[in-house]
Amino acid sequence: MSYVRVIDADGHVDVRHPDGGLDDVLSKNSKEAVNQFLRPQSQRFRDLPGPGSNVNEARPGQWNPHLRIQDMATEGIESAVLVVGGNGEEWAGRDANLAATVCAAYNDWLRNYCSSYGSRLKGLIKLPLIDVEASILELDRIGQDPYAAGIQFTPHVLNQNLADPTFAP
């Protein structure tokens, strides 16, 4: 019998959960701004149908890496590439500073989440795409981190496709 590596390429994490630890990576000022941004987003998606849409129905492994590893063992998953559900961090209400703050906080949270399990947990980072220079700075800051497997982004930002010259550095 041959060995088959099973990789979860769409492992969702939830930074919104109170036990998730996002507050641990935020300064006092950015904590208020991020929470003001995430609260309405959480309400918007609160009642979507389907398992895991409601934070009260989600598996604790979405915010606790140790419990995720247990779930992965049960499911026969060797490693996971993790993503956060799209909350619009890339443009954050058209506020470039808030977008940069939210993306940096998420990336720091994901780094902490993945760090306990090295090669088993990787993540896709988020960039504040409404500000190309801030995106480059964030990519320089976190892009070479061992947990970073790639960039999670939407194919359009503020009605512009990523091929638009606006996004050329």
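The chain has an accessible surface of about 9600 Å², 51% of which belongs to carbon and sulfur atoms (areas by the Shrake-Rupley method with a 1.4 Å probe; for residues, only the protein chains shown count as cover). The model is predicted; local features need pLDDT of at least 70 and side-chain atom pairs pLDDT 80 or more, while totals for chains, interfaces and linings use all residues. Residues are numbered from 1 along each chain as its sequence is written, and side-chain values use heavy atoms, with hydrogens and water left out.

View 1. Helices (H or I, at least four residues) and strands (E, at least two) are DSSP runs numbered from the N terminus. Along the sequence their pattern is β-α-α-β-α-β-α-β-β-β. Of the 169 residues, 41% are buried (under 20% relative accessible area; exposed is over 50%, partly exposed in between; 1.4 Å probe, protein chains only). Contact means heavy atoms within 4.5 Å. For contacts between residues at least 6 apart in sequence, 73% join residues at least 24 apart.

**View 2. Strand S2 pairs with S1 and with S3.** Two strands pair if DSSP finds at least two bridges between them. S1 (residues 7-13) runs parallel to S2, joined by five bridges; aspartate 8 has alanine 80 of S2 as its bridge partner. The pairing of S2 with S3 is also parallel, over three bridges, and valine 81 stands opposite lysine 122 of S3. Six of the six residues of S2 are buried, so the strand is largely enclosed by the rest of the structure. In a regular strand, side chains alternate between the two faces of the sheet. Here Ser79, Val81 and Val83 point one way, and Ala80, Leu82 and Val84 the other.

**View 3. The largest nonpolar core has 25 residues.** Such a core is a set of buried Ala, Val, Leu, Ile, Met, Phe, Trp, Tyr and Cys residues joined through side-chain atoms within 4.5 Å. The members touching the most other members are Val13, Leu82, Trp109, Leu110, Tyr113, Cys114 and Leu121. Two or more residues come from each of H2 (65-75), S2 (79-84), H3 (96-115), S3 (121-125) and H4 (132-142). H3 gives the most, with five residues.

**View 4. Glutamine 62 lies in the loop between H1 (28-45) and H2.** Glutamine 62 counts as buried because its relative accessibility is 17%. Beyond neighbours within four places in sequence, glutamine 62 is in contact with His12, Val13, Asp14, Arg68, Trp109 and Tyr113.
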